[in-house]
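Hi,

Here is the structure I said I would pass on to you. Have a look at it first, then read my notes below.

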Amino acid sequence: MIGKYEYNMKGTNLGEFEELVLLVVGISNGEAYGISILEEIEQRTGRLVTVSTIHTALYRLEEKRYVSSEMGGASKERGGRKKRLYSITAEGHQALMNARAIREELWGLMPKLNF
Amino acid sequence: MHGLPDNTNPPKWADTLLELCCADRFLEEIQGDLHEWFHKTVERKSLRKAKLLYALNVLRSLKTFRLRSLQSFILFIIDRTMLQNYFKVAIRNVFNHKFFSLINLTGLTFGIASCLFIYFYVKNELSYDSFHQHKDNIYRVVQTNPKTGTKWRSAPTPLGPALHNEFPGIVMASMGEDPVFVELQGSKFYEPNFYWTDSTFFDVFSFPLKSGNPSKALAEPNCIVLTEKIAKKYFKDENPMGKVINVKIYDGDKILPMKITGIAEDPPPNSHIQFDILGSMISGLELYKQFENHWGFNWLKSYVLLESKNDVERIKSQIPDMIDKYLGEGFSEQKGLYFQPLKEVYLHSKDINNKDIKGSIEYVYIFSIVGIFILAIASINFVNLSTARLTVRGKEVGVRKTVGALKSDLIKQFLSESFLLALTSILLALILVVLLWPFFIELIEKEIALEILFSWENLTALLIILFITGILSGTYPAFILSAFKPINALKRATSLSKRGNTNLMRRLLVIFQFGISIFLIVGSLVIYSQLNYMIKSDLGFEKDQLISVPVEDRGLQKRIDILKDEMGKVQGVEKITASGESLPSFMNNTWSFSWDEASEEAKLGIDVVAVDSDYFETIGVKLKEGRNFNKSFHTDSARSFILNNAAVKRIGWASALEKEIQVGGRKRKVIGVVEDFHHFSLKHNVRSTAYFIAPPGNRVSNDNLIIKVSSNDMVKTIEGLSDVWDRFSTEQVFDFKFVDDAYDQTYKADQRFFMIFGFFSVIGILIACVGLFGMVVHMTEQRSREVSIRKVLGASFHSIVVLLSKEFTRLIAFAFLIAGPLAYISTDRWLQQYPHRIDVTIWIVLLAGLLAFLISWITIGFNTIKAAIANPVRYLRNE
């Protein structure tokens, strides 16, 4: 599959939005699914995100093995469709911590700026 | 599924799209999330906006990596296991209801076969002249008279050079028709399809040469190109190239030794240009030098090849100037040129005076409509029988629904059934077409090879027919059946047949079907009556026992008087005369005609016919006034005319006697007026005609003998005539035709039209009857209990028959009321093309209606009577 190959090329770097999604998955670990993540992000950041953006991010994270998923319960308002519930993996957690460490290191180097 | 109110659901089409395209792996999550998102959005935004956003989201979700593979797409649409089941059930159903399946199959098979035949006919008509490489830029040169609007096909010799000078880019090909006699090792062949032409003929048209060089074959004088057919006839398997054969040219009265320089492939049957031998034009022009600058003698069929389509308008606008330049100032008022596109020549030449083109776009339209009619009748049978069988299938539908079949499953099932039947019908129809092909060829009198049946184009056409009939005839019953409430379907079956709308629909379809049938009957009757009228009509002379003998031999034409006298002595010859035109004749000579200044301005034409003094007596035409020619009056042979009544009427004189008219630039006196008679068929009006005595050796001179023979021992008389002929001519074989037969021949195309129309009408009506029969069987079956109870209670045989045939009779009456007037109007319009025509009387329409009733009563009768005399116990025992 062409798609797979492309995503692997991107390596294990976390994009900014992917990091955000991964964080939200981590917060409600095992309970997170498309819409819950979307609402969390919209609430926290005030950004308007489309469902498809979230799905794409989740799909990529799964490709990088940062999240795992399993099918969950259906509900009436989902038209009888089941949820796909995401939880963060150890690698995912490690990747988040790496990203945070890099940032903190960089913050430590930041001179005091007066604006 | 129905938990939420309908209006707060996301748009269904977007959901279907998603289900259709999205791979199963992603579908569950995406659709669920989108639905949830939608319900949340609806609370905040307007419904319309939410729906729109939902659709946008669906589109956005359809990333390439999420799409289904092709295989899964097909499998998603067609459930294989179920499909197998549908077909299994379909086949079972076909066999369980053998009678009705048979009726459906017969109707559809014959309908499709007829449709295919008509399709091939129409396709062949439309394919004429389409094989030429430059077909889009070839035009036929047609002369016109801008004043009268008449058009004629042939062109004079100087037109070619003139067009060449004025419009350098064009290539012109002219064909000069000239029947010849070919002498070959003692045997002689009469070749009517001989044409003078030159190498441009091969530049313009795509008639390939088997051997010989197209640009050189006709470049030298005295060269000929034979078609393969003729080469085979003359030389069997020898190589004819380079051989010299003697060709006797009749009109030129000369024998030319001509060298064979090329062999052409036979012109395809769908070419309006048909030739057997082509001779080099240089020799032809040499032979007819007197016409080199003669603009009045039209003997060439001319075609031009233009560089591009845009040239037509430019050239057209310059034609009047050209005419004025070459013929003299003011001539463009009475002479014009019209460039007719090649693709219109075969089908759109009705208004152009020519005898060699028999195609008609009208026939193409009429037959296409008949084909569609027949297919409609056959499909209606299918729809009607299927919906009528609802009562029987209702239970099955009920059970299927109860065990969980969805509406769509049922629709798929019924559609597969109708497709199965349509497919079987198409295969049977193909077999039928192959079997009946020779019959079809004979009917249309065209050469079409059976191979054209198996082309990609036709396969596509067949598939289209399959889908149209399959879907059209399957959809309606499928939807009606699948819409049943299972509880109703499982309860008494009869309650279903009372469903108002299906009953109404069925009635309308029967009305439509019989409307078409009545239309076809009226059409056939009108065409037949018109044909019969034309054949039986008085032509104005006595055509019986007349034979016409052409004298093509130029040498013999000069001695025609002696031949006539000798033939007159043969036993059985009652009268004999000579004439410049045979009977019937297209009239080969039209001269200018005037009687005063105004008529001179109008540039009128009159047909001239050379006759002997005993002409009118022989063919039985009466003089209206004046006297006949008299050989002892010297002036009669040079200065007198006899006009026909049409000419006198055209002039407007009360009496034409002793008045002077100008014909062909010469003043002559009118000595008599004859009653009009038809030199050609009744498809044309009698034109102004002048009869006169012409000396031999002229273009118009007598070249036909017209002989009245007595009816006893015709064979011996003709043998006697033949013997006399052989004493006189060694060059031409004795040839003759019966005048009445020859006139009948002029209606051949019309007769063929009637045969084809009538044949397909009968098929259409039969198919409608088969359907009606099926409906009646079904209905009597349905009402068998009712009829039995009525009989038990004392109903008479008569009242039962009336009861059962009442409904259909009423429907056919309706059909008649609608189709009758329509048929009346359209056939009346069709008849307008004939100057001598019958009136479509109300009687023809009524007769058609009566026929329709009779046919349908015969169809209904058998079954209603069977039902009326059946033993009621048979049907009531099981109750």
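Predicted model: local features only at pLDDT ≥ 70, side-chain atom pairs only at ≥ 80, totals over all residues.

The residues to look for are B:Tyr747, B:Asp750, B:Gln751 and B:Phe754. B:Leu531 itself belongs to helix α19 of chain B, which runs over residues 500–536.

Now the domains of chain B. The assignment lists domain 1 (6–76), domain 2 (135–353), domain 3 (361–534 + 748–876) and domain 4 (552–731). Notice that domain 3 is written as two stretches of sequence, 361–534 and 748–876. The centres of domain 3 and domain 4 of chain B, taken over C-alpha atoms, are 57 Å apart. Where these two domains of chain B touch, domain 3 puts in 4 residues and domain 4 puts in 5. On the domain 3 side of chain B, 3 of those residues are nonpolar and 1 is polar, with no charged ones.

In the model, the 759–872 span of chain B is 85% helix and 0% strand, and its end C-alpha atoms lie 42 Å apart. Another annotation from an unreviewed UniProt entry, "domain: MacB-like periplasmic core", covers residues 101–320 and 516–689 of chain B. Residues 101–320 of chain B come out at 29% helix and 30% strand, with 68 Å between the end C-alpha atoms.

Next, chain B as a whole. How many helices and strands does chain B have? The tally is 32 helices and 26 strands. The radius of gyration of chain B is 37 Å, well over the 29 Å that the globule rule gives for 879 residues, so the chain is more spread out than a compact globule. Along the principal axes, the C-alpha atoms of chain B fill a box of roughly 110 × 75 × 60 Å. In chain B, 38% of the 879 residues count as buried. If you take contacts in chain B between residues at least 6 apart in sequence, 81% of them join residues at least 24 apart.

There are a couple of strand arrangements in chain B that I'd like you to find. One is an open sheet of 4 strands with antiparallel pairing, in the order β17-β25-β16-β26 (chain B). Why is one side of β17 and of β26 in chain B left without a neighbour in the sheet? β17 (573–579) and β26 (737–738) of chain B stand at the edges, so each has a single partner strand. For β17(B), the antiparallel pairing with β25 (residues 704–709) of chain B runs over 6 bridges. Within that pairing, B:Ile576 sits opposite B:Ile707.

The other place to look is strand β19 of chain B (residues 604–610). Of its 7 residues, 6 are buried, so β19 of chain B is largely enclosed by the rest of the structure. β19(B) pairs with β18 (residues 590–594) of chain B in the antiparallel sense, over 4 bridges, and B:Thr590 has B:Asp607 as a bridge partner there. β19(B) is also joined by 4 bridges to β24 (residues 689–692) of chain B, and those two run parallel. In that case B:Ala610 is bridged to B:Phe692.

Finally, chain A. This chain has 5 helices and 2 strands, and along the sequence they follow the pattern α-α-α-α-β-β-α. Of the 115 residues of chain A, 29% count as buried. The two chains touch: 16 residues of chain B are in contact with 17 residues of chain A. On the chain B side, α2 (24–44) and α3 (47–61) are the elements that give two or more residues, and α2(B) provides the largest share, with 11. That side of chain B divides into 4 nonpolar, 7 polar and 5 charged residues.

Happy browsing!

How values were computed: Residues numbered from 1 in each chain as written. Chains lettered and ligands numbered in written order. Contact = placed C-beta atoms within 7 Å. Nonpolar A, V, L, I, M, F, W, Y, C, P; charged D, E, K, R; others polar. Domains from an automatic or database assignment. Rg over C-alpha atoms; globule rule 2.2 N^0.38 Å. Buried ≥ 20, exposed ≤ 12 C-beta atoms within 10 Å, placed from the backbone. Pairing = 2+ DSSP bridges. UniProt positions renumbered as here; feature names shortened; annotations may be inferred. Lists of a residue's contacts leave out its neighbours within four places in sequence.
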